[in-house]
Amino acid sequence: MKLIVAIDGPSGSGKSTVAAMLSKELGYMHLDTGAMYRAVALAAALDNIPYDDPNRLDELCERIRIDMRQHNDEVSIYLNGRDVTHEIRTPEMSLGSSAVSSVPQVRSHMVRLQREIGSSGGIVAEGRDMGTVVFPDTPAKFYLDASPVERARRRWLQLKEMGVDEDRDKVRKEMEERDHMDASREHSPLQRAEDAMLFDTTGMSIDQVVEKLAGKVKELEGSGA
């Protein structure tokens, strides 16, 4: 039986990389919910819509199309038929995604889409409210975290790999700003579900984290949870 695996955690905790690798290990689809909010932020920026205008963002979500396509274990994000996988990974879109994700109308649209994608199971969904709001009934809930210094280092390295040369202190400050936005927003703030298994990934390799989570999921599959 294929489950819905919900992985939550702050930026830089390793959840995106872990989710991608875990989905391959399990033969599941990787549902990158953060990328969906980044796509909304990009669409808003292209249309000159302020991130704090709920009515225009609601209308925007009604007319845009966000697709996730998996090719050879890699998931690409499409906005209205255009591949924006790399375009949405800038620091600006990172902050923009936090801003639009705090708008209830946007969250309503995205949560509905996420539940549609996950309705048949067999997905690894990662974000900030997967275990608390989107898929609260799944038994496979995980919360990943790491020290602030480690999370900032990972984000800086990720940007470098993408060819984005950002000052390391600036990356850290932007991450702190995003942490505050995510944890303090009124609707669906970042928090650990009471029954989510906590993993501090500081000092752990990605392979080690994936191995532990895969083992837990397979236990749950075997128990018929």
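Visitor: What makes this an open sheet of 5 strands, and in which order do they stand?
Guide: The order is S2-S6-S1-S7-S8, with parallel pairing, and the edge strands, S2 (29–32) and S8 (197–200), each pair on one side only. This is a predicted model, in which local features need pLDDT of at least 70, side-chain atom pairs count only at pLDDT 80 or more, and totals for chains, interfaces and linings use all residues. Residues are numbered from 1 along each chain as its sequence is written, and side-chain values use heavy atoms, with hydrogens and water left out.

Visitor: How do you know that S2 and strand S6 (residues 123–127) pair?
Guide: S2 and S6 are joined in the parallel sense over 4 bridges, and two strands pair if DSSP finds at least two bridges between them, so S2 and S6 count as a pair. Within this pair, Asp32 stands opposite Glu126 in S6. The strands themselves are DSSP runs (E, at least two residues), as are the helices (H or I, at least four), each kind being numbered from the N terminus.

Visitor: Which strands does helix H2 (residues 33–46) lie across, and what is its angle to S2?
Guide: Helix H2 lies across S2 and S6, running at about 45° to S2, whereas helix H9 (residues 206–223) lies across strand S1 (4–8), strand S7 (140–145) and S8, running at about 165° to S7. These angles run from 0 to 180 degrees between N-to-C directions, with axes fitted as lines to C-alpha atoms, for helices over the stretch in contact.

Visitor: Which residues is Ala19 in contact with, leaving aside its neighbours within four places in sequence?
Guide: Ala19 is in contact with Ile7, His30, Val124 and Glu126, where contact means heavy atoms within 4.5 Å. Glu126 is also the residue that stands opposite Asp32, and it therefore belongs both to the contacts of Ala19 and to the pairing described above.

Visitor: How far apart are the C-alpha atoms of Ala19 and Asp83?
Guide: The C-alpha atoms of Ala19 and Asp83 are separated by 21 Å, and the two residues are 64 residues apart along the chain.
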